[in-house]
Number of protein chains: 2
Amino acid sequence: MRKGEQTRVAILDAALELASRDGLEGLTIGLLADRMQMSKSGVFAHFGSREDLQIAVIQEYHRRFEEEVFYPSIREPRGLPRLRAMFHRWVTRHSREITSGCIYISGAVEYDDRPGPIRDELLQMVSAWKMALTRAARQAVEAGHLRADTDCEQLIYEVRALIFALHHDARFLQAHDAIERTERAFLRLIANHTVPPLAHAA
Amino acid sequence: MRKGEQTRVAILDAALELASRDGLEGLTIGLLADRMQMSKSGVFAHFGSREDLQIAVIQEYHRRFEEEVFYPSIREPRGLPRLRAMFHRWVTRHSREITSGCIYISGAVEYDDRPGPIRDELLQMVSAWKMALTRAARQAVEAGHLRADTDCEQLIYEVRALIFALHHDARFLQAHDAIERTERAFLRLIANHTVPPLAHAA
């Protein structure tokens with residue numbers, strides 16, 4: 001990497017850390033310059049505006065999410081193995097993020113009634129992941145791993161709900177059993193849609 | 001009400017609206033004074049500090065939540081009818097809050113890594129409601145409405161998860177089917193724990 005590129009990466013790294021802690025709205029060029037021991041104009045040389053920086057942070061977060069959760073999962077066989085891998089890798093990522101927080105979830109609260117490019121960028125990332133999960137569920141139906149009458153959108157709604165609860169309870173309530181509860185709920189949810197039906201696997 | 005008390009109530013009302021929109025951290029004495037067409041010192045006369053105001057907002061939010069969700073529900077018979085009422089009134093409250101947002105959920109994201117009196121106040125309110133739900137589930141087991149082997153804490157974890165998903169999808173994704181999905185998931189969840197077991201009511 002050239003020097004300029006290295007600096008950009010280092011700034012982005014620090015920005016990601018700040019945004020995870022204080023939210024995307026808490027991210028300012030001033031704070032970041034302090035953290036990097038750079039001048040504000042030095043930061044501006046790499047990111048033209050605060051909004052550019054916020055969007056770059058979302059994209060970098062998404063890139064890491066894909067690298068850690070999505071790509072290794074799609075190496076699993078289509079169907080339930082892949083859906084399970086997506087879920088478990090997502091939970092694992094959250095369990096490491098307990099001290100920092102998930103930008104998708106905190107960003108949703110920050111921008112749910114704040115239209116603009118940052119909300120649009122977040123929305124696109126969150127929607128892409130939701131679609132990937134729904135696709136994996138559909139493939140599990142096609143593969144005969146889940147019952148033919150499974151409502152995949154409903155199933156993924158409920159799977160995502162568990163991750164929201166995990167984020168809330170692990171971070172805000174500091175509940176030690178949130179990961180275990182999330183995994184148990186997922187097992188029951190899948191059992192509800194498995195062929196042949198398992199009697200109340202929960 | 002005396003004049004002073006009326007003014008305090010009007011300020012609190014405006015503060016609640018601002019906090020629902022911009023978050024508790026977005027609530028400032030300055031913004032509120034503007035909104036009320038009062039001087040800042042006029043607002044300070046009723047709330048000694050910004051933090052006092054934020055805490056008063058949480059308490060007022062909680063009072064309204066109890067009035068709308070908790071008290072009418074506990075008039076229902078113990079057991080499943082009461083648990084159902086708590087859930088449905090909670091969903092209804094969210095469906096009206098779609099344009100403003102829930103201070104408990106946005107507050108959890110704002111204060112999950114920010115210790116202090118505001119976090120403590122929020123935590124107390126959120127924990128009280130979680131305990132009330134768990135108690136209602138236990139009574140449903142005692143009444144024989146839910147199976148004896150129901151893990152009530154797990155059940156309530158999953159019920160709360162649905163409300164987080166509702167808040168996220170209705171507000172951030174602007175999904176029109178979030179309420180319906182939430183209700184369907186609740187039915188399946190209850191069916192999973194009903195005696196005699198219903199075969200996959202989902």
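**Figure 1. An exposed loop residue, A:Gln37, in the predicted model.** A:Gln37 is exposed, having 7 other C-beta atoms within 10 Å, in a model that is predicted. The residue lies in the loop that links helix 2 (29-36) to helix 3 (40-46) of chain A. Although A:Gln37 is not a glycine, its phi is positive, at about 50°.

**Figure 2. The loop residue A:Gln174 between helix 8 and helix 9 of chain A.** A:Gln174 belongs to the loop joining these two helices. Its phi is near 50°, a positive value in a residue other than glycine. With 11 other C-beta atoms within 10 Å, A:Gln174 is exposed; the count for an exposed residue is 12 or fewer.

**Figure 3. Packing of helix 8 against helix 9 in chain A.** The axes of helix 8 and helix 9 of chain A are 9 Å apart and form an angle of about 170°. Helix 8 of chain A is therefore roughly antiparallel to helix 9 of chain A, since angles over 145 degrees are classed in this way. On the side of helix 8 of chain A, the residues that take part include A:Leu155, A:Val159, A:Leu162 and A:Leu166. Their counterparts in helix 9 of chain A include A:Ile179, A:Ala185, A:Phe186 and A:Leu189. By class, this helix-helix contact comprises 11 nonpolar, one polar and two charged residues.

**Figure 4. The interface of chain A with chain B.** Contacts between the chains involve 28 residues of chain A and 28 residues of chain B. On chain A, the elements that each supply two or more residues are helix 6 (103-111), helix 8 (152-172) and helix 9 (178-192). Helix 8 of chain A provides the largest share, 11 residues. The side of chain A that touches chain B consists of 13 nonpolar, six polar and nine charged residues.

**Figure 5. The symmetry relation between chain A and chain B.** The same surface serves both copies, as 100% of the contact residues of chain A recur in chain B. Among the residues of chain A, A:Ala161 comes closest to the rotation axis, its C-alpha lying at 2.5 Å.

**Figure 6. Residues of the largest nonpolar core.** This core holds 102 residues, of which A:Ala137, A:Ala161, B:Ala137 and B:Ala161 touch the most other members. When residues up to four places away in sequence are left out, B:Ala137 touches B:Leu83, B:Leu146, B:Cys152, B:Leu155 and B:Ile156.

Terms used
Residues numbered from 1 in each chain as written. Chains lettered and ligands numbered in written order. Predicted model: local features only at pLDDT ≥ 70, side-chain atom pairs only at ≥ 80, totals over all residues. Contact = placed C-beta atoms within 7 Å. Helix = DSSP H or I, 4+ residues; strand = E, 2+ residues; numbered from the N terminus. Nonpolar A, V, L, I, M, F, W, Y, C, P; charged D, E, K, R; others polar. Least-squares fit on C-alpha atoms with pLDDT ≥ 70 in both. Axes fitted to C-alpha atoms, helices over the stretch in contact; angles between N-to-C directions. Parallel < 35°, antiparallel > 145°, perpendicular 65-115°, else oblique. Core = buried A, V, L, I, M, F, W, Y, C linked by C-beta atoms within 7 Å. Buried ≥ 20, exposed ≤ 12 C-beta atoms within 10 Å, placed from the backbone.
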